[in-house]
Amino acid sequence: MTDLVLIDEEAVRRAAAAVPDPELPMVTIEDLGILRDVTVSPGGRVAITITPTYSGCPAMEAIAADVREAVETRGATAVEVRTELAPAWTTDWITEEGRRKLAAAGIAPPEPVGDRGRTPSGPVQVTISPRCPRCGTPRTRLVSRFGSTACKALYACSACGEPFDYFKAI
Amino acid sequence: MSGAPTAQLPPVAQYALRLGDDALILAQRLGEWAANAPELEEDVALTNIALDLLGQARVLLTHAGKIEAAGRTEDDFAFLRDERDFVNVQLVEQPNGDFAQTIARQLLFAAYQRLLYARLADSVDPTISGVAGKAIKEVDYHEDHAAGWIRRLGDGTEESHRRMQAGVDRLWPYVDELFRTDQLEQRLVAEGIAVDASSLRDEWHKRVTSVLDEATLAAPESSWTAPGGGRRGLHTEAFGYLLAEMQHLHRSHQGARW
């Protein structure tokens, strides 16, 4: 009977969900929609599915290690962390809670994306001006499409002068 | 470990390497701009684009290794193959030149990759469709970034216009290879795995010439066409130097880890 470990599935799920993103520690992997699934088999095996935000996101290996450690501290011994590419991550998966935390940290949350991702010849809509997370004005300008991490662009506010990160909508 | 020549691998593995090598080699080229770009934001932009491409390449090279089933990893494919076993198109290995030339290469390639991935997202191979479906969104940004610079530089000063046009002219001979198809590709098209590259040509032309028009630039009317052969492991002079830089650390210090 040594194989039978009593694991509280809900506690395991909560532990995995509470893992912070290594590059955006104010939000969890659940807030960002990176955590896709947690299952505990009757024999106590834990399977966790995560998905990368960007193909080259360097945080994925750290996230996989962190989530494994988090559930192991809840007593899980057989843990498998899988990475899935499809369906492709979208910023629409960021929760309301996640958006609130990003804004509170001075990062403008992404605009909704909807279905535009797969039209081969449609216009690229990356030019929507986000609101300044400090003063709330929409009068902001793009400084660089690529910011401090793959998932962010750099903006500046034309009203209050604040430079800020915008979480790119993809 | 080094393994069988690319041409002897199962067709899907070869196809995954074609896609993966395009991304890997362009990532390596773009990485050369780290700390060298005209402004800090461009250092960040070009290396972020490189990182996206490297992420795509890692999945595709790993996939090739799984299909081959001889134990080769992504690192084995990246660092232990020699020149003739790389099957990227020659466009991506062309030297960076000045910033305008790099940006021209970005537009020509990103427009192609965007159209290709949009179709590969429906591939019956789940890894290929997964990479493509995800990367479409990234490549949108790559194409938009390049198009923005081309408009600014083409429709900028006399000097920026001259250099931007020179960048387009320098790389145009390598465009034709993007749209050549071959037996291997056709076989995989029939199986629903691959996309017939020649079917992307017209749409590509529309996208690229509309950007060039806005930028007051033009596609060269008469240009020589490079003989190509990247998909068969034939590369241009610059490629060996690129490989030497990319591979020497791994080969000189086997098993080295960060």
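This is a predicted model: local features need pLDDT of at least 70, side-chain atom pairs count only at pLDDT 80 or more; totals for chains, interfaces and linings use all residues.
Residues are numbered from 1 along each chain as its sequence is written, with chains lettered from A and ligands numbered from 1 in the order in which they are written. For the complex, the predictor reports an ipTM of 0.78 and a pTM of 0.90. Chain B has an average pLDDT of 96, and 99% of its residues score at least 70.

Chain A has four helices and seven strands, where helices (H or I, at least four residues) and strands (E, at least two) are DSSP runs numbered from the N terminus. Their order from the N terminus is α-α-β-β-α-β-α-β-β-β-β. Of the 170 residues in this chain, 39% are buried; that label calls for 20 or more other C-beta atoms within 10 Å of a residue's own, against 12 or fewer for exposed and anything in between for partly exposed, with C-beta atoms placed from the backbone. As for contacts (C-beta atoms, placed from the backbone, within 7 Å), 54% of those in chain A with a separation of 6 or more link residues 24 or more positions apart.

One part of chain A is an open sheet of three strands in the order β1-β2-β3, with mixed pairing; two strands pair if DSSP finds at least two bridges between them. β1 (35-40) and β3 (79-83) are the edge strands, each with a single partner, so one side of each has no neighbour in the sheet. From one strand to the next, the twist averages 15°. β1(A) and β2 (residues 46-50) are antiparallel, paired over five bridges, and A:Leu35 has A:Ile50 in β2(A) as its bridge partner. Two helices go with this sheet. Helix α1 (residues 9-17) lies across β1 and β2 of chain A, at about 155° to β1(A). Helix α3 (residues 60-72) packs on the sheet and touches β2 and β3 of chain A, its direction making about 155° with that of β3(A). Such angles run from 0 to 180 degrees between N-to-C directions, and axes are lines fitted to C-alpha atoms, for helices over the stretch in contact.

Further along chain A comes β7 (residues 163-167), which is largely enclosed by the rest of the structure because four of its five residues are buried. β7(A) runs parallel to β4 (residues 107-108), joined by two bridges, and antiparallel to β6 (residues 152-157), joined by five. A:Asp165 of β7(A) is the bridge partner of A:Ile107 and also stands opposite A:Leu154. The hairpin of β6(A) and β7(A) has five residues between the strands, and A:Gly161 in the turn shows a positive phi of about 85°.

Where the chains meet, chain A supplies 20 residues and chain B 29. The chain A side splits into 13 nonpolar, five polar and two charged residues; here Ala, Val, Leu, Ile, Met, Phe, Trp, Tyr, Cys and Pro count as nonpolar, Asp, Glu, Lys and Arg as charged, and the others, Gly among them, as polar.

Within chain B, B:Glu93 sits in the loop between α3 (74-80) and α4 (99-120). B:Glu93 is buried, with 27 other C-beta atoms within 10 Å. Its contacts beyond four places in sequence include B:Ile25, B:His235 and B:Leu242.

Key: pLDDT is the predictor's confidence in each residue, from 0 to 100.
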